[in-house]
Amino acid sequence: MKRNELIHRLLAECCEICEARTKLEVHHVRKLADLNRPGRRDKPAWMHLMAMRRRKTLVICRRCHEDIHAGRGTAPPRK
């Protein structure tokens, strides 16, 4: 049975931002157009990563997820 990409990313058990391996969660945006709203200041690194991959989800650790929702910067994403 073929698995979709999100399942493979979850099974990798690695934060897509800081590469931590504990307490993983999924960050989700409603639509990709939300990432490209006009009039917004510089995009955070996690937005660039989601837009570059054209994905509405990121598998990230709890710390990075809290940083995103608090508006704090996260570590530069790995490529």
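Which helix gives the largest share of the nonpolar patch? In this predicted model, the answer is helix α1, which spans residues 5-11 and brings 3 residues to the patch. The patch as a whole is made by Ile7, Leu10, Leu11 and Val26, and it takes up about 300 Å² of the surface. Val26 sits in strand β1, which runs over residues 24-28. With a relative accessible area of 33%, Val26 counts as partly exposed, because that label covers the values between the buried limit of 20% and the exposed limit of 50%.

Stepping back to the whole chain, the protein has 3 helices and 2 strands. Going along the sequence, these elements come in the pattern α-β-α-β-α. Of the 79 residues in the protein, 29% are buried. The protein exposes about 5900 Å² in total, with carbon and sulfur atoms supplying 51% of that area. As for how the chain comes together, take the contacts between residues at least 6 apart in sequence: 64% of them join residues at least 24 apart.

Now for the strands. Strands β1 and β2 run antiparallel and are joined by 5 bridges. One of the facing pairs puts Glu25 opposite Ile60 in β2. So how much of β2 is buried? The count is 5 of the 5 residues, so β2 is largely enclosed by the rest of the structure. The cover extends to both faces of the strand. Thr57, Val59 and Cys61 are buried on one side, while Leu58 and Ile60 are buried on the other.

Thr57 makes a handy residue to look at up close. Thr57 belongs to strand β2, which covers residues 57-61. Its relative accessible area is 14%, so Thr57 is buried. Which residues does Thr57 touch, once its neighbours within four places in sequence are set aside? The list is Leu6, Arg9, Val26, His27, His28 and Met50. Thr57, for its part, is buried.

Terms used:
Residues are numbered from 1 along each chain as its sequence is written. This is a predicted model: local features need pLDDT of at least 70, side-chain atom pairs count only at pLDDT 80 or more; totals for chains, interfaces and linings use all residues. Side-chain values use heavy atoms; hydrogens and water are left out. Patches are made of residues with over 30% relative accessible area and no salt bridge: like charges are joined within 9 Å, nonpolar side chains (Val, Leu, Ile, Met, Phe, Trp, Tyr) within 5 Å. Accessible areas come from the Shrake-Rupley method with a 1.4 Å probe; for residues, only the protein chains shown count as cover. A salt bridge is a side-chain nitrogen of Lys or Arg within 4 Å of a carboxyl oxygen of Asp or Glu. Helices (H or I, at least four residues) and strands (E, at least two) are DSSP runs, numbered from the N terminus. Buried means under 20% relative accessible area, exposed over 50%, partly exposed in between (1.4 Å probe, protein chains only). Contact means heavy atoms within 4.5 Å. Two strands pair if DSSP finds at least two bridges between them.
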